[in-house]
Amino acid sequence: DLEFLLWPQQRPIWEQLQNLPVSAELFVCLCARQFGKSTIGVLYALSEAIKNRDCCILIMGPDTKQTKDIVNSKMRFLLRSAPEGLVRQMKSENRWHVYHDLNPKSLDYTEIIIGGMNENSSSQRGKTVHKILVEEIVDVKEDDFLTSMRSYLGPALTHSKDGKIIYLTTLPKY
């Protein structure tokens, strides 16, 4: 139960995410800047990683640098209350492993991968992806989005038992 880490205004969104029907494939969280969408997204990724063994959760944004800047700071903040060894950042800084036991040599983990739609969504080919969280879709170039979703990310969900795409974004600038 990670809900205690949320602000009161984030809780209704969290409850919706927790109670999505299996048939729901998409969820859109469209909120103003600084509402805490990214915190909700990272917390949701952690929650799903804890609950589901041996799968992959992607957090994608316009580019890897922007996504990494968003996710890594939120992850470090949220992990202050986690048991030591539960979550570890890998050397690449684009991957986090959530362990299902606290043995430092364990291979029983779920992976959270950070990426960018403009550069490395093709590297997700061949993975069985459990959830995809898309940060700031309003900043993604249309061609990058369409190529990523049609060719790489969408197909990566086809073998998932409960695959979903969660969009965490603000309104377009115009």
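Student: Which residues is leucine 46 in contact with, leaving aside its neighbours within four places in sequence?
Tutor: Keep in mind that this is a predicted model. Contact here requires heavy atoms within 4.5 Å. With neighbours within four places in sequence left aside, the contacts of leucine 46 are Leu2, Met75, Leu78, Leu79, Val87, Val98 and Ile112.

Student: Which element gives the largest share of the largest nonpolar core?
Tutor: That core has 33 residues, and Leu46, Ile112, Leu133 and Ile166 touch the most other members. Among the elements that give two or more residues to it are α1, β1, α2 and α3. The largest share, 7 residues, is from α2.

Student: How many residues are in the second, separate core?
Tutor: Met60, Met117, Ile165 and Tyr167 are included in this second core. Its total is 16 residues.

Student: Now the sheet: which strands stand at its edges?
Tutor: The open sheet has 7 strands with mixed pairing, in the order β1-β7-β6-β2-β5-β4-β3. An edge strand has a single partner, so one side of it is left without a neighbour in the sheet. Here the edge strands are β1 and β3.

Student: What is the bridge partner of arginine 95 in β5?
Tutor: Strand β4 covers residues 95-99 and pairs with β5, residues 109-116, in the antiparallel sense over 5 bridges. The partner of arginine 95 in β5 is isoleucine 113.

Student: What angle does the direction of helix α2 make with that of β6?
Tutor: Helix α2, residues 37-51, packs on the sheet and touches strands including β1, β3 and β6. Its direction and that of β6 make an angle of about 170°.

Technical notes. Residues are numbered from 1 along each chain as its sequence is written. This is a predicted model: local features need pLDDT of at least 70, side-chain atom pairs count only at pLDDT 80 or more; totals for chains, interfaces and linings use all residues. Side-chain values use heavy atoms; hydrogens and water are left out. Two strands pair if DSSP finds at least two bridges between them. Helices (H or I, at least four residues) and strands (E, at least two) are DSSP runs, numbered from the N terminus. Axes are lines fitted to C-alpha atoms, for helices over the stretch in contact, and angles run from 0 to 180 degrees between N-to-C directions. A nonpolar core is a set of buried Ala, Val, Leu, Ile, Met, Phe, Trp, Tyr and Cys residues joined through side-chain atoms within 4.5 Å. Buried means under 20% relative accessible area, exposed over 50%, partly exposed in between (1.4 Å probe, protein chains only).
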